[in-house]
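Let's take a friendly look at a protein model together. Keep the sequence and the 3D view open as you read.

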Amino acid sequence: MSNNTNDIDNAVTVSNVYKNYGDVEALRDLSLDFPRGQLTSLLGPSGCGKTTLLKIIAGLLPADSGEITVNSQPVTGPGPDRAFVFQDFALLPWATVMRNVAFGLELRGVNQSEREAIAEKYIGDVGLKGFENSYPHELSGGMRQRVGLARALSVDAQVLLMDEPFSAVDEQTRRKFQEDLLNLVKNENKTFIFVTHSIEEAVYVSDQVAILLPRPSRVSEIIRPEGFRHKDATSIRRDSEYLDIVDRIWASLRTYVE
Amino acid sequence: MKIFGYQLPAMSSLILWGILWELVGQFELTFFLPPLSAIFSTLMEIGTTKVFLKALAETGYAFFVGTFFAIVIGIPVGILMGKSRLIDELLLPWVNMFLSAPLTALVPVLMVLFGFGMKSIIITTALFAIWIIVLNSRAGVMQINRSLIEMANSFGASPKDAFFKIYFWAALPEILGGVRIGFIRAVKGVIIGQLLISIVGFGALFELYSANFLMKHFWAVLIVLFSISFTIAEFLAHLERKVAYYAARR
């Protein structure tokens, strides 16, 4: 474990960001770097502003002050360098899996045959081959989130923003998702920013865990679980460093949980 | 519906009322209600006459042009009201006022503004239909899942794309409901227009037949009108059922 990130190339940087909702101070002077090609979790109790931070990075919400850069370019709004995976999937209920997965490309003006070829590849990659013509309501929650993931992957953004993507799927599906996510980080060479409220999930999938504390939100600690990253997906959950980090994070968060 | 274990055919109640009507008519209880069979034979007689076909054409023209404008103006206005707080605040009081206003009382004003011809009838028809279409489209947009809009934004949707690919489709179940009710109101609007503005079309026939106590003729025209609006309403209800699969899951 180390907190030294100076020698690392950062895909996304957040510097001195403030955000208020009326009188409520959501983020105060928050700074955080996201190393390229790694997965960083934003972990914290509810109301700590982790989703707010993610949406500011996505360009969906403006920050009151401070600067966000993606590939050294300041963020002024949504851009093709980032793709978002939504907690509630945000699928078009009137469109097939194929159209949903290709929808990001459709909005970017890619012609139909080209975007469907790309979508087809990612539908296969997320394990939904054969469901191209199904509608979202015909799929389980887990399969729907696979559609959301395929849509985000198909636009080939360098940064993937995931807002509690597994919280609306059942526990077993969630474990499978977590294992798949490890492979995705390894193979896709993208930068992942992952919001979660599950300590185990954060430690399991992350190269870097940023612990956010609430009211107003700030980064209290950055933990880099490095000792077990090379292990295979199934043995991480029994690794002693994994268990120690989970315990340590819980010890620092428990006072903030009502 | 099932009675004593028998599956009743669709629209059984219409058959029941039809039989009752026929009986009341056959016993000649009131001149107001001639037998249904006599009404249908009258319908066959007048249905092919030039006068009737001309009236049908005039009424149909005013009806479809009026509802066309009600739809192409009403749906975008409703969607914009649902999207934009500012536009909503500006227009909502007017929409609510006209929805409950006695539009019939406004018809003389329309005649002053737009003359005694087809134009005023079309505008009357459109005014009867448009407000409920606006309100329903607005309601449809207001219940859109916020994350669909964020999703479109995050992938860089243009305002035009967001309008046609998200807002319109997400609000479609409500829009179709509004259009269905709007069509039914437009049937009233077109007849009121034809009665009050210039005596043409079905309005003229109603006027002629009721003034001369030709009840068979009166009912025959009314049945034609009912059949047309019933068919349109059923067609739109059918479209609504087609989008019902996602109406509950937005």
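Which residue is the bridge partner of A:T13 in strand 2 of chain A? The bridge partner is A:D33.

## How to read this model

This is a predicted model, where local features need pLDDT of at least 70, side-chain atom pairs count only at pLDDT 80 or more, and totals for chains, interfaces and linings use all residues. Residues are numbered from 1 along each chain as its sequence is written, while chains are lettered from A and ligands numbered from 1 in the order in which they are written.

## A sheet in chain A

Chain A has seven helices and 10 strands (DSSP runs numbered from the N terminus: H or I of at least four residues for helices, E of at least two for strands). Four of the strands form an open sheet in the order 2-1-4-5, with antiparallel pairing (strands pair if DSSP finds at least two bridges between them). Strand 2 (24–35) and strand 5 (73–74) of chain A are at the edges with a single partner strand each, so one side of each has no neighbour in the sheet. Strand 1 (residues 10–21) of chain A joins strand 2 of chain A through eight antiparallel bridges.

## The overall build of chain A

Along its principal axes, the C-alpha trace of chain A spans about 50 × 45 × 40 Å. Of the 258 residues in chain A, 44% are buried (20 or more other C-beta atoms within 10 Å of a residue's own, with C-beta atoms placed from the backbone).

Definitions and conventions: A residue is buried if 20 or more other C-beta atoms lie within 10 Å of its own, exposed if 12 or fewer, and partly exposed in between; C-beta atoms are placed from the backbone.
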